[in-house]
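Dear colleague,

I am passing on the structure we spoke of, with its sequence, for you to open alongside this message.

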Amino acid sequence: QVQLVESGGGLVQPGGSLRLSCAASGSIGSINPMGWYRQAPGKQREFVATTTSSGSTDYADSVKGRFTISRGNAKNTVYLQMNDLKPEDTAVYYCKARNWRGVRYDDYWGQGTQVTVSS
């Protein structure tokens, strides 16, 4: 089993910034990719950003140019720098990681961290 622990959520005014962190621990083989998803009240969970161990990244159109995803030096951590936040970014943000053992993999989710953008 792999555990994902997120931190960094909170309340911020429109135009503000937050940095989310996610750390993986447990029975880790090779984690790739790691990413962030979010779920707003009454909506389905949606993709936000992802990054691979080689450093490639992908973003949802709604966050391009405002959010930056990065891996930590330990490679089992992932960050999401969120700038110019908007009320529509309000959601619970979830970290997701794919843990490989040989040719088999399992996907894991964190417990979520609340981000609220409001004046």
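What follows covers the disulfide, the aromatic pairs and the charges over rings.

This is a predicted model, in which local features need pLDDT of at least 70 and side-chain atom pairs count only at pLDDT 80 or more, while totals for chains, interfaces and linings use all residues. Residues are numbered from 1 along each chain as its sequence is written, and side-chain values use heavy atoms, with hydrogens and water left out.

Taking a disulfide as a pair of cysteine sulfur atoms within 2.5 Å, the count comes to one: Cys 22 is joined to Cys 95, with an S to S distance of 2.1 Å. This pair links distant parts of the chain, 73 residues apart, with Cys 22 in strand E3 and Cys 95 in strand E9 (strands are DSSP runs of at least two residues, numbered from the N terminus). Both cysteines are buried (under 20% relative accessible area, where exposed is over 50% and partly exposed in between, with a 1.4 Å probe and protein chains only).

Tyr 37, Phe 47 and Trp 109 form one aromatic cluster, in which rings of Phe, Tyr and Trp (its six-membered ring) pair if their centres lie within 6.5 Å. Tyr 37 is partly exposed, at 21% relative accessible area.

Finally, Arg 45 lies over the face of Tyr 94, at 3.7 Å from the ring centre, and its charged end also sits over the ring of Trp 109, 4.6 Å from the centre (the rule asks for NZ of Lys or CZ of Arg within 6 Å of the ring centre and within 35 degrees of the ring normal).

How values were computed. Helix = DSSP H or I, 4+ residues; strand = E, 2+ residues; numbered from the N terminus. Phe/Tyr/Trp six-rings, centres within 6.5 Å; stacked < 30°, edge-to-face > 60°.
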